[in-house]
Amino acid sequence: MIDKEITDVLVVLTGGTFALNKSESGYIIKQGLCNRLKKISYFYDEDKALELGLRDDQLITSETPYRKRIRYNILEFEDLIESNNITI
């Protein structure tokens, strides 16, 4: 068993629920998931990110009670889609 402090996860965002943002006219698809998650300390430990020299599209969680962290690499599609806007 590999026991390591940091686990790497790739998040590929094509649209959908994670890309929705509340607006005056309801929920809309909006880019910038990484920046939104950086405002939530559970998803982003800024001090650790600076210590590790992470890129702008990377996040690292705060340490869990098990002394583990998750480093997220977020790949966001340029043209995000919502399933109810898809035509076949």
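**Figure 1. Contacts across the sequence in the predicted model**. The protein has two helices and five strands. Read from the N terminus, the order of elements is β-β-β-α-α-β-β.

**Figure 2. D45 in the loop between the helices α1 and α2**. The loop that holds D45 runs between α1 (33-37) and α2 (46-52). D45 counts as buried because its relative accessibility is 18%, and the cut-off for buried is under 20%. The side chain of D45 makes a polar contact of 3.0 Å with the side chain of R69. Leaving aside residues up to four places away in sequence, D45 touches I60, T61, S62 and R69.

**Figure 3. A nonpolar patch on the surface**. Four residues form the patch: L10, V12, L75 and F77. Together they have about 370 Å² of accessible area. Strands β1 (6-15) and β5 (69-81) are the elements that each give two or more residues to the patch.

**Figure 4. L10, a patch residue in strand β1**. L10 belongs to the nonpolar patch and sits in strand β1. Its relative accessibility is 57%, so L10 counts as exposed; the cut-off for exposed is over 50%.

Note on methods. Residues are numbered from 1 along each chain as its sequence is written. This is a predicted model: local features need pLDDT of at least 70, side-chain atom pairs count only at pLDDT 80 or more; totals for chains, interfaces and linings use all residues. Side-chain values use heavy atoms; hydrogens and water are left out. Helices (H or I, at least four residues) and strands (E, at least two) are DSSP runs, numbered from the N terminus. Buried means under 20% relative accessible area, exposed over 50%, partly exposed in between (1.4 Å probe, protein chains only). A polar contact is a pair of N or O atoms within 3.5 Å; within protein, one must be able to donate a hydrogen and the other to accept it, and residues adjacent in sequence count only if both atoms are side-chain atoms. Contact means heavy atoms within 4.5 Å. Patches are made of residues with over 30% relative accessible area and no salt bridge: like charges are joined within 9 Å, nonpolar side chains (Val, Leu, Ile, Met, Phe, Trp, Tyr) within 5 Å. Accessible areas come from the Shrake-Rupley method with a 1.4 Å probe; for residues, only the protein chains shown count as cover. A salt bridge is a side-chain nitrogen of Lys or Arg within 4 Å of a carboxyl oxygen of Asp or Glu.
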